[in-house]
Each structure stands twice: as structure tokens, then as C-alpha cells.
Amino acid sequence: MRSQRCVLGIDVGGTTIKARLEDETGALLASRRVATPRDDPSAQRLAEAIARLATEAVGGGRLDAVGLVVPGIVDVAAGRSVLAVNLGWRDVPVVDRVRAALSTASLDAPIAFGQDVRAGALAESHGVGGPGAGPVVFLPIGTGLAAAVIDGGDILFPDGWSGEIGQLRLKHPPFHGQRVEEVASASAFATAAGASDAREAVGRLDAGDPAAVAAFAATVAALAEVIVWSCAVLGGRRVVIGGGLAEAGDRLLGPLRAAVSDCLGGLPAIDVRRARHGDEAGAIGAAILARRLLDRSAP
């Protein structure tokens with residue numbers, strides 16, 4: 001029987017739900033992941049999947065708090081998903097759904113709610129800044145594309161639709177009318193390469209497949225523009241790349257750094273680096289939110 005308090009961090013992605021059971025020091029006790037239920041506009045099937053994940057992860061032990069983060073625009077105070085394009089959600093009471101499912105599974109615990117990219121930025125924030133570093137842009141490239149900004153360990157612009165760069169529509173050929181994430185995301189790259197997922201698409205790229213090569217070039221070019229404009233507006237000099245496509249490592253970062261440099265002209269160089277936590281950043285950040293909730297409620 002565990003004596004320490006335990007929290008469960010849950011990151012709902014457009015493709016996968018990731019869950020991490022951690023103790024109060026942040027040590028990992030268990031982890032699980034399952035496919036995200038799609039075509040579930042009420043979030044009911046998702047809530048049931050989360051309850052099953054939680055039950056497996058806890059394994060009959062205690063659960064003191066849950067951190068739950070979801071993509072898109074969120075209303076943290078109301079516990080609602082305002083808009084999550086990749087999940088088909090619009091004004092969904094996701095916290096109420098998950099709380100009810102956990103209660104049915106006899107796992108009643110307080111829930112800290114947030115947005116996935118900002119949670120990932122929180123997980124990545126330690127050690128990426130430093131005195132005089134200025135704002136740091138966290139850019140996870142997964143099913144969709146969004147950004148969060150860290151400065152001095154704090155998340156800037158934590159509310160509303162800030163960071164939803166993936167939803168903006170491109171206005172220049174050959175991508176006129178497409179949303180940014182329909183070009184510059186792991187899922188977009190895979191689709192354009194004719195692959196089932198980004199991992200297969202990278203394999204086709206390495207084999208010289210023309211469709212994969214063209215898709216990768218488009219993804220890199222669009223990402224470079226996003227990075228340069230974001231840093232120019234914020235005055236930032238560092239970008240942390242996360243999400244599933246970051247698993248390609250230097251296969252992505254090398255060309256991306258070159259494209260960013262080409263866009264900068266005479267502006268100061270931008271440090272583009274891979275996220276330390278890979279695609280686990282959102283779940284780690286969710287667990288941090290859960291521990292903060294426990295700390296605030298402690299006598």
C-alpha cells in the first residue's frame with residue numbers, strides 16, 4: 001500500500017489519451033495510453049476510457065487528485081471545452097463527464113483542469129529559460145498544432161484562444177485556404193505522404209519517397225514561418241519542439257533550423273531544440289497541475 005499522496009495526469013490528445021500516475025515528488029508510478037475515442041461530441045466515451053485508464057493505473061491504491069488537460073480552447077473555471085476541432089467538441093462539460101465516470105469507478109478525487117499545450121509548456125519550463133533568456137515558445141507538433149509561451153517559468157497568456165495558431169488559414173499558394181495544422185502537423189505530414197502515421201511517413205521520407213519528401217518540405221516551411229513570426233512578435237530567442245513529430249529528432253530539427261535561419265534575414269538567431277519530455281509533456285504537466293491543486297487544498 002502506497003503511503004505517499006498520488007496524482008494522475010491525463011493528457012487527452014487528438015490521437016491518444018496518455019495517463020501518468022505519480023507520487024507527490026513527481027516520481028512515475030505507472031503509465032498507460034489508449035487511442036482517443038473519435039466522433040464522440042459529448043465526451044462520454046472519452047470519460048469512460050479515462051476511468052478505465054485510471055483504474056488500471058491506480059491498481060487498487062489511493063488517488064488524491066487528477067490533472068486533466070485537453071486540446072483547443074478551454075474555460076478552466078467552468079471545466080468546459082469551448083472548442084476542440086480535432087475532437088469535434090464545442091462547449092462540452094468535459095470535467096463533469098470525467099468526474100462522473102471516475103465516481104462510478106469509485107475513484108472520487110478533485111480535478112485540476114487545463115489546456116494540453118500550456119500543460120506541456122509547464123512541464124518543459126524548468127531549465128529552458130534562465131536570466132535574460134526572454135520568452136520561450138513551446139510548439140508541440142502532433143495531431144494538430146498549437147503553441148504556448150513560457151517566461152520565467154510562468155505561462156503567458158493562459159486564457160482564451162491564445163496559441164491556437166494551427167487554426168489560422170493560410171493565404172498564399174499552394175496552401176491557400178488551408179488551416180496551418182492541415183499543412184504543419186504530424187497528422188498532415190502523414191496524410192500528405194500517404195502514410196498511416198508520422199512514423200511511417202518518416203520511414204518513407206528516409207527511403208526517398210517523392211510524396212513524403214514533398215510533404216516534409218511543406219511541413220518544415222510552414223513550421224519555420226510560424227516559429228519566426230512567433231519569436232519576432234514576442235522577442236523570444238528559443239523554441240522547444242514537442243509532440244509526436246519531435247520523435248524524428250534531428251531528421252526534423254536539422255532542416256527546420258536551416259529553414260528558420262533562412263527566414264530570419266539579419267535578425268538574431270533562434271535556438272530550436274527538442275522537448276525533453278517528448279509526447280509525455282502534456283501528461284507530466286497535467287500531473288503538475290494536480291499536485292498544485294493538492295498543495296492549495298492542504299491545511
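Helices here are DSSP runs of H or I of at least four residues, strands are E runs of at least two, and both are numbered from the N terminus. Just after α4, G194 has a positive phi of about 75°.

This is a predicted model: local features need pLDDT of at least 70, side-chain atom pairs count only at pLDDT 80 or more, and totals for chains, interfaces and linings use all residues. Residues are numbered from 1 along each chain as its sequence is written, and side-chain values use heavy atoms, with hydrogens and water left out.

## Largest pocket

A pocket is an open set of points on a 1 Å grid over the protein atoms alone, with protein on both sides within 12 Å along at least five of seven lines; lining residues have an atom within 4 Å of a point. Grid points are joined across faces, edges and corners, and a volume is the space filled by probe spheres set on the points.

The largest pocket has a volume of about 1,100 Å³. Its lining has 47 residues, with I141, G142, T143, G243 and G244 nearest the centre. Elements that each supply at least two lining residues include β2 (16–23), β9 (136–140), α4 (186–193) and α8 (281–297). By class, the lining holds 20 nonpolar, 17 polar and ten charged residues. Nonpolar covers Ala, Val, Leu, Ile, Met, Phe, Trp, Tyr, Cys and Pro; charged covers Asp, Glu, Lys and Arg; the others, Gly among them, are polar.

## Second largest pocket

The second largest pocket has a volume of about 600 Å³. It is lined by 27 residues, and I165, L168, V226, W229 and S230 are the closest to its centre. α6 gives the most to this lining, with eight residues. The lining divides into 18 nonpolar, four polar and five charged residues.

## Sheet

Five strands form an open sheet in the order β11-β10-β9-β12-β13, with mixed pairing. Strands pair if DSSP finds at least two bridges between them. β11 (154–156) and β13 (271–274) are the edge strands. β10 and β11 pair in the antiparallel sense over three bridges. V149 stands opposite L156 in β11.

Notes
1 Å grid on protein atoms, 1.4 Å probe; cavity = no way out; pocket = protein on both sides within 12 Å on 5 of 7 lines; lining within 4 Å.
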